[in-house]
Amino acid sequence: MPHSAHAPHPHETAGGSADSSSHPPTGSDSHRTGTWPGSEVPFSALANAYQLIERHQFTEVDRELVRKMGAILNPHIDDFLTAFYVWLSGQPEYDLFFADPGRLARVRSLQAAYWRSFFTAEVDDEYVRYRREVGIVHARIGLSLPAYFASMDKGLSLWMDEVYDGNLTPAQFLACQRSVTKLIHIDTAIVVEAYSQVINEKIADQARSILEMSTPVTALWEDILMLPVVGIVDSRRAQDIMRSVLTRIAETRARVFIMDISGVSVMDTAVANHLVKVTRATRLMGCECLLSGLSPAIAQTIVELGIDVGKVHTRATLRDALEDAFGRIGIEIRKTGEIVRGGAL
Amino acid sequence: MTAPPSGERPERNHVDLTPTSLSTIDRVVIATLTRDLTSAVVQRLRDDLLARVHEVRARGVVFDVASLYLMDPWEFRALQQTAAMVRLLGARVVLAGLPPQVVEALAALDVDTAGFDATVATVHDALQALGR
């Protein structure tokens with residue numbers, strides 16, 4: 001399935017891949033503006049046409065052989081596509097991606113264009129850009145690489161076993177086939193590279209959004225603030241927490257702040273130090289900090305790492321911390337014996 | 001807080017690692033220690049005890065060490081660290097029934113005995129110390 005339903009223009013999506021692919025990758029800093037540090041390789045750093053030809057040793061001879069094969073096969077492209085789509089309709093992805101007949105026709109015509117360009121064997125920037133777009137689209141719509149590999153393999157065997165008329169000498173055929181395979185590998189390499197690039201960007205985006213999740217400091221009661229800390233605590237996140245907590249304490253003049261860390265995924269010296277720093281800061285604002293949600297495993301880790309949590313009040317559960325907090329502000333919770341049952345109609 | 005004990009504590013001749021019996025009274029967990037605290041026994045004690053403390057939202061833990069005949073500094077430190085873990089879960093820790101010969105040995109070796117909320121003679125005293 002070298003093509004899919006809609007091919008977004010690469011300039012909208014990939015940050016300018018076509019214009020930069022003719023040069024070997026140089027400093028890529030200009031493409032990194034606004035990106036998360038270390039998360040992405042810009043598309044300009046992906047292999048360009050020249051590098052691909054070198055790496056795969058796709059020679060002038062190969063090019064001639066692919067063209068020779070193309071001259072034989074290309075006239076039968078309709079037969080090929082028909083057979084290919086018969087095969088494709090048996091694939092599990094088919095219903096998901098090609099249920100719409102209009103889309104199917106569109107993809108089919110794109111695929112005809114793809115194989116025409118393939119048999120020109122003209123591996124230039126335009127050629128690379130085109131295939132990169134295929135990879136990008138596949139990644140966007142969630143068409144898996146195994147499905148793509150299977151379809152390329154099916155394509156190759158259809159051309160060679162079904163469409164090929166057997167008019168070359170075995171030696172000639174073997175040479176042609178070798179060159180065609182080489183070019184298919186080049187295509188696959190481009191697609192996979194672009195595909196992984198998109199996936200990496202997705203992962204980087206997710207990591208960023210986790211880190212940027214807000215720090216919702218909530219007023220739980222008069223004088224009691226609460227913050228559930230979820231996910232990764234790094235220095236940046238700790239700073240966010242610190243800022244929003246201190247701001248809220250200043251606003252509300254709360255006397256107790258409960259930081260619930262049951263959602264913290266990793267506890268190490270650095271994380272503990274960040275948290276202890278927050279508790280120290282809140283105390284300077286006249287607000288006692290209770291750390292709740294320590295699991296037995298985290299308690300063991302803290303002691304085994306020799307982390308000194310100093311005078312921080314820690315509690316196993318949020319419930320205990322809340323009880324403690326009520327005690328500190330002089331509120332007593334008791335059962336009244338009255339229970340509200342059911343819901344009003 | 002004390003430094004972590006260095007190195008592994010070798011097994012003495014035990015196969016059964018069940019270190020203690022844990023019983024719970026009114027959100028106080030009583031851990032009765034009956035055997036040498038080797039590394040494996042300490043780890044098992046920590047896993048079981050902390051899980052119990054978490055489960056019952058314990059307000060206190062009593063280490064009943066009256067039936068231990070010997071406790072060397074390594075074992076004592078291991079116990080101190082376990083106490084620190086319990087305290088992180090928000091419970092107070094009382095050490096009950098240190099035998100005189102153990103106290104004498106620890107004193108002779110100048111062992112730092114901090115890390116417990118109280119040190120008392122019997123489990124009964126410990127429950128009283130934990131109050132309510």
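**Exercises on a predicted two-chain model**

Between chain A and chain B the count is four salt bridges, a salt bridge being a side-chain nitrogen of Lys or Arg within 4 Å of a carboxyl oxygen of Asp or Glu. The model is predicted, so local features need pLDDT of at least 70 and side-chain atom pairs count only at pLDDT 80 or more, whereas totals for chains, interfaces and linings use all residues. Residues are numbered from 1 along each chain as its sequence is written, chains are lettered from A and ligands numbered from 1 in the order in which they are written, and side-chain values use heavy atoms, with hydrogens and water left out.

**Exercise 1.** Describe the interface of chain A and chain B.

*Solution.* 
1. Contact means heavy atoms within 4.5 Å; 17 residues of chain A are in contact with 17 residues of chain B.
2. The buried area is about 1,500 Å², with 61% given by carbon and sulfur atoms. Buried area is the accessible area (1.4 Å probe) that two parts lose on being put together, summed over both.
3. On the side of chain A, the most area is lost by A:Pro296, A:Gln300 and A:Val303, together 36% of what that side buries.
4. One of the salt bridges joins the side chains of A:Asp320 and B:Arg27, at 3.9 Å from N to O.
5. Helix 12 (296-304) and helix 13 (318-328) of chain A each supply at least two residues of the side that touches chain B. Helices (H or I, at least four residues) and strands (E, at least two) are DSSP runs, numbered from the N terminus.
6. Helix 12 of chain A gives the most to this side, with six residues.

**Exercise 2.** Work out the arrangement of the sheet in chain A.

*Solution.* 
1. Five strands of chain A form an open sheet in the order 1-2-3-4-5, with mixed pairing; two strands pair if DSSP finds at least two bridges between them.
2. Strand 1 and strand 5 (313-314) of chain A stand at the edges with a single partner strand each, so one side of each is left without a neighbour in the sheet.
3. Strand 1 (residues 218-221) and strand 2 (residues 224-231) of chain A are antiparallel over three bridges, and A:Thr218 has A:Met226 as its bridge partner.
4. These two strands form a hairpin with two residues between them, where A:Asp223 in the turn has a positive phi of about 75°.
5. Strand 3 (residues 256-264) and strand 4 (residues 288-292) of chain A run parallel, joined by five bridges; A:Phe257 stands opposite A:Cys289.
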